[in-house]
Amino acid sequence: MAERIVMPKLGLTMEEGTVLQWLRREGERVEKGEPLLEVEGDKTTSEVESPTDGVLLRAVVNQDETVPVGAVVGIVGQAGESADFDEQTEIRKAGTGVDAAAKVEVGARPQPRRGEGRVFISPRA
């Protein structure tokens, strides 16, 4: 089964990354753990390794292209496997991942529970 290679999150604030260079060409054999491409984030550059043994079926993102964290950048699988998928759907999914759901409205105050409307604090506090 083909495995998707996604843009990794290289830092806490990283929202998108750039593919600097593909180290393998489509159709080339790769081993698990072998570097496939170099990506650049906000503050660092890193190599992305192959998740499995197989062939680089498709390089979805071109060199010097920027995509959101979690977007599919390539597909590795066995020779002859299908590497098709809906790119626009994948990019939209990557932009609305866990990080988007975890965002909190700035200036939002926690609502007090019933009976906890007033906080009593002594001068010593």
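Trainee: In which sense do β6 and β8 pair, and over how many bridges?

Mentor: Happy to start there! Strands of a sheet pair through backbone hydrogen bonds, either parallel or antiparallel. Here β6 and β8 pair in the antiparallel sense, over four bridges. Strands are DSSP runs of E with at least two residues, numbered from the N terminus, and two strands pair if DSSP finds at least two bridges between them. Leu56, for example, stands opposite Val76 in β8. Before we go on, this is a predicted model, in which local features need pLDDT of at least 70 and side-chain atom pairs count only at pLDDT 80 or more, while totals for chains, interfaces and linings use all residues. Residues are numbered from 1 along each chain as its sequence is written, and side-chain values use heavy atoms, with hydrogens and water left out.

Trainee: What is the strand order in the open sheet of four strands?

Mentor: The order is β1-β8-β6-β3, with antiparallel pairing. β1 (3–6) and β3 (29–30) are the edge strands; each has a single partner, so one side of each lacks a neighbour in the sheet.

Trainee: Which strand does β2 join through four bridges?

Mentor: That is β4, and the two run antiparallel. Gln21 has Glu38 in β4 as its bridge partner. β2 is also joined to β7 (residues 66–68) by three bridges, again antiparallel, with Glu16 opposite Pro68.

Trainee: Is Thr18 buried or exposed?

Mentor: Buried means under 20% relative accessible area, exposed over 50%, and partly exposed in between (1.4 Å probe, protein chains only). Thr18, in strand β2, has 16%, so Thr18 is buried. Contact means heavy atoms within 4.5 Å; leaving aside neighbours within four places in sequence, Thr18 is in contact with residues including Met7, Glu38 and Asp64.

Trainee: Where is Thr44 found?

Mentor: Thr44 lies in the loop between β4 and β5 (45–49), and counts as partly exposed at 33% relative accessibility.
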